[in-house]
Amino acid sequence: MSTEHSIIIESELEEDTAPWEDLLSKVIPAALEAEGVAVPCEVDVLLTDDTGIHQINLEQRGVDRPTDVLSFPMFEFIPGQPPTDDADADPETGLVPLGDMVLSLERARAQGEEYGHSAKREVAYLVVHSVLHLLGYDHMDDGPEKVRMRAREEAILAELGIGRESME
């Protein structure tokens, strides 16, 4: 099943983000497909640095520090039960707006180095993580929901051929 999603990527960074945009344009639809999303969706992504994500984290969540990725779902889906029809679609576009993702490339690079894998692998992981949040997954406790989310992340990355050692 191949559904035409709209992935809108903006950047606050001065660097050329085309390689990252190419990666996101591959990973986001793959994650949606892996979760069984069969309706055309829109995901808005902002690429930023630690300063930018710190400000958004403070304004939106009251958390006074940078983070790696923020997810702002438009709807409250149940994990494993993605949208299956266009009931929530924007009448003008015909797309279901899943929400917004904010990604600090600065933080992703640092974490990739810290965890011993490439920045590309870290960005792919963070993007899959965020897509799952947009689809209702959560990990705020250390219980079964966190375990379920981690398992889905790893399964989706494996389907993409993105393991911890790959993507130099």
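A residue is called buried when its relative accessible area is under 20%, exposed when over 50%, and partly exposed in between, using a 1.4 Å probe and protein chains only. The model is predicted, so local features need pLDDT of at least 70 and side-chain atom pairs count only at pLDDT 80 or more, while totals for chains, interfaces and linings use all residues. Residues are numbered from 1 along each chain as its sequence is written, and side-chain values use heavy atoms, with hydrogens and water left out.

**View 1. The whole chain, from end to end.**
Welcome to the overall fold: the chain holds five helices and four strands. Helices (H or I, at least four residues) and strands (E, at least two) are DSSP runs, numbered from the N terminus. Following the sequence, their order is β-α-β-α-β-β-α-α-α. The C-alpha trace spans about 40 × 35 × 30 Å along its principal axes. The radius of gyration, taken over C-alpha atoms, is judged by a globule rule of 2.2 Å times the number of residues to the power 0.38. For 168 residues a compact globule would come out near 15 Å, and the chain agrees because its value is 15 Å.

**View 2. The surface and the inside.**
Of the 168 residues in the chain, 46% are buried. The accessible surface is about 8600 Å², and carbon and sulfur atoms account for 47% of that surface. Accessible areas come from the Shrake-Rupley method with a 1.4 Å probe, and for residues only the protein chains shown count as cover. A contact means heavy atoms within 4.5 Å. Among contacts with a separation of 6 or more, 74% are between residues 24 or more positions apart. The chain carries 12 positive and 37 negative charges, and their mean positions lie 9 Å apart. In this count Lys and Arg are positive and Asp and Glu are negative, with His and the chain ends not counted. Each charge is placed at NZ of Lys, CZ of Arg, CG of Asp or CD of Glu.

**View 3. Glu-153 on helix H5.**
Here we look at Glu-153, which sits in helix H5. Glu-153 counts as buried because its relative accessibility is 0%. A polar contact is a pair of N or O atoms within 3.5 Å; within protein, one must be able to donate a hydrogen and the other to accept it, and residues adjacent in sequence count only if both atoms are side-chain atoms. The side chains of Glu-153 and Tyr-125 form such a polar contact at 3.0 Å. Beyond neighbours within four places in sequence, Glu-153 is in contact with Tyr-125, Val-128, His-129 and Leu-132.

**View 4. Arg-152, also on helix H5.**
Arg-152 belongs to helix H5, residues 144–159. The Arg-152 side chain reaches the backbone oxygen of Ala-34 at 3.2 Å. With residues up to four places away in sequence set aside, Arg-152 touches Ala-34, Glu-35, Leu-132 and Tyr-137.

**View 5. Thr-67 in a loop.**
Thr-67 is part of the loop between helix H2 (50–61) and strand E3 (69–73). Its relative accessible area is 14%, so Thr-67 is buried. The side chains of Thr-67 and Asp-68 are joined by a polar contact of 3.5 Å. Not counting residues up to four places away in sequence, Thr-67 touches Ile-53, Asn-57, Ser-104 and Arg-107. Glu-114 is 47 residues away from Thr-67 along the chain, and their C-alpha atoms are separated by 15 Å.

Ala-89 is found in the loop between E3 and strand E4 (96–104). With 19% relative accessibility, Ala-89 counts as buried. Apart from neighbours within four places in sequence, Ala-89 is in contact with Gly-94, Leu-95 and Val-96. Ala-38 lies in the loop between helix H1 (18–34) and strand E2 (41–48). Ala-38 is partly exposed, with a relative accessible area of 42%.

**View 6. Tyr-115 in helix H3.**
Our last stop is Tyr-115, in helix H3 (residues 105–115). Tyr-115 counts as partly exposed at 48% relative accessibility. Tyr-115 and Thr-93 are 22 residues apart along the chain, with 40 Å between their C-alpha atoms.
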